[in-house]
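The sequence and structure come before the details.

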Amino acid sequence: MNQNRPNRIDQRLVRALGHPLRVKILEVVQLRNASPSELTDLLSAPLGNVAYHVRVLEKCGCIEQVATARRRGAVEHYFRARPRSYIGHQDWRKVPKSLRDAVTGSALGTFFDRAADALEAGTIDARDDTTLNWMPMAVDEAGWAEVAAVFAAAGNRLEAIHALCRRRIEQSGDEATPLVVGMAAFEPAPDDWVPDPAMEAGGSATNGARPAPEGAGDGEGAANT
């Protein structure tokens, strides 16, 4: 993502989070190359809707076409996520504060869904080297900066490992092992904080300005899924 073009970051954020199907498409193409017809089967969504959202993601630079192939007499176009385009990447923290809740909410929602599914399916503890831990800390400003630097370095290393694995898998044809990696460092709520009753009842926070679902705004119609 181009750090010198904040408006581009805003556009990518709003468009990528503007519809839940786009978040699901981004998840899939982070792991493998996929065509709209394959995404249709994987996500159980109408082909027209998937194709529309693939075009939006490609237009705003979140995904790119990497191959074509003939299938059933037609040409299939295969896409993958561009580097640093996954939901919750630190670059997306550069958007205005009014949009950050959308990034955090989408990242947490997706992560919690994957963790809950893995727990129910019994895969979260299937391997002895599964990592799942968290720890409270008390830090000063210098310590906060040091923790942030550790996470930034770890994120860069994980991206490099992912890119290398994708190249090896594409060359070998071996089956990939899905892996969910989560990293978080944040200031917790104060000890005397109490939840907003409206939020507990299903309301929305006044400062959680999430992008509205789009469709007609792109000059095309798309049915909701």
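## Packing of α2 with α4

α2 and α4 are roughly perpendicular to each other, a class that covers angles of 65 to 115 degrees, against under 35 for roughly parallel, over 145 for roughly antiparallel and oblique for the rest. Their packing angle is about 75°, and the axes are 10 Å apart. Axes are lines fitted to C-alpha atoms, for helices over the stretch in contact, and angles run from 0 to 180 degrees between N-to-C directions. Helices (H or I, at least four residues) and strands (E, at least two) are DSSP runs numbered from the N terminus.

On the α2 side the contact (heavy atoms within 4.5 Å) is made by L21, R22, I25 and L26. On the α4 side it is made by N49, V50, Y52, H53, V54, V56 and L57. These residues divide into eight nonpolar, two polar and one charged. Here Ala, Val, Leu, Ile, Met, Phe, Trp, Tyr, Cys and Pro count as nonpolar, Asp, Glu, Lys and Arg as charged, and the others, Gly among them, as polar.

## Basis of the model

This is a predicted model, in which local features need pLDDT of at least 70 and side-chain atom pairs count only at pLDDT 80 or more, while totals for chains, interfaces and linings use all residues. Residues are numbered from 1 along each chain as its sequence is written, and side-chain values use heavy atoms, with hydrogens and water left out.

L21, K24, I25 and V28 of α2 meet L39, L42 and L43 of α3. The residues of this contact are six nonpolar, no polar and one charged.

Within α3, P36, S37, E38, L39 and T40 are buried, where buried means under 20% relative accessible area, exposed over 50% and partly exposed in between (1.4 Å probe, protein chains only). The buried residues of α3 pack against α2, α4, β1 (63-71) and β2. S44 lies in the loop between α3 and α4 (47-59). S44 is not a glycine, yet its phi is positive, about 55°. With 69% relative accessibility, S44 counts as exposed.

H53, in helix α4, is buried, with a relative accessible area of 0%. Beyond its neighbours within four places in sequence, H53 is in contact with H19, L21, R22 and I25. S106, in helix α5 (residues 97-121), is buried at 14%. S106 and V23 are 83 residues apart in sequence and 8.1 Å apart in space, C-alpha to C-alpha.

## Confidence

The average pLDDT (the predictor's confidence in each residue, from 0 to 100) is 77, and 72% of the residues score at least 70. Confidence is lowest in helix α1 (residues 6-17), at a mean of 57, and highest in α3, at 93. Over residues 1-7 the pLDDT is below 50, and this stretch has 10 contacts beyond near neighbours in sequence. Residues 203-225 also stay under 50, with 38 contacts beyond four places in sequence. Where pLDDT is low, the predicted coordinates should not be read in detail.
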